[in-house]
Amino acid sequence: MTRKEIEATLAMELPITEGSWLMKARTGWPSSNEEAGAEADVWAGVVPVVRGHGTAEPAPWATDLPVPESVAALGCAG
């Protein structure tokens, strides 16, 4: 790593203690706080984990050029 890369890197340390973290692999919404017997002020939601390509964005100077077949084959041409 270069000095610039090291300075731009952020590392975090989070304590992992019994009962403080919960991870579930599932589909759909979690139960409501009332159904789960949890506190009303606890955030609940879904953080989708996706893997793939976003929409291809041409460089500002290449906007009038067609998207190459190799890029279109990725399924990301907009």
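The questions below go from the whole chain to single residues.

Tutor: This is a predicted model, in which local features need pLDDT of at least 70, side-chain atom pairs count only at pLDDT 80 or more, and totals for chains, interfaces and linings use all residues. Residues are numbered from 1 along each chain as its sequence is written, and side-chain values use heavy atoms, with hydrogens and water left out.

Student: Which element has the highest mean pLDDT, and which the lowest?
Tutor: pLDDT is the predictor's confidence in each residue, from 0 to 100. For the chain its mean is 76, and 72% of the residues reach 70 or more. Among the elements, the lowest mean, 62, belongs to α2, and the highest, 88, to α1.

Student: What percentage of the residues of the chain count as buried?
Tutor: Buried means under 20% relative accessible area, exposed over 50%, and partly exposed in between, with a 1.4 Å probe and protein chains only. The chain has 78 residues, and the share that counts as buried is 4%.

Student: Which residue forms a salt bridge with Arg3?
Tutor: A salt bridge is a side-chain nitrogen of Lys or Arg within 4 Å of a carboxyl oxygen of Asp or Glu. By this rule the count is 1. The closest N and O atoms are 3.4 Å apart, and the partner is Glu7.

Student: Are Arg3 and Glu7 buried or exposed?
Tutor: Arg3 has a relative accessible area of 67%, so Arg3 is exposed. For Glu7 the relative accessibility is 59%, so Glu7 also counts as exposed.

Student: Is Leu14 buried, partly exposed or exposed?
Tutor: Leu14 lies in the loop between α1 (3-7) and α2 (33-36). Its relative accessibility is 47%, so Leu14 counts as partly exposed.

Student: With which residues is Met1 in contact, leaving aside its neighbours within four places in sequence?
Tutor: Met1 is in the segment before α1, and its relative accessibility of 70% makes it exposed. Contact means heavy atoms within 4.5 Å. With those neighbours left aside, the residues in contact with Met1 are Ile6 and Thr9.

Student: What separates the C-alpha atoms of Ala72 and Ala56?
Tutor: Ala72 lies in helix α3 (residues 69-72) and, at 39% relative accessibility, counts as partly exposed. Ala56 is 16 residues from Ala72 along the chain, and their C-alpha atoms are separated by 8.5 Å.

Definitions and conventions:
Helix = DSSP H or I, 4+ residues; strand = E, 2+ residues; numbered from the N terminus.
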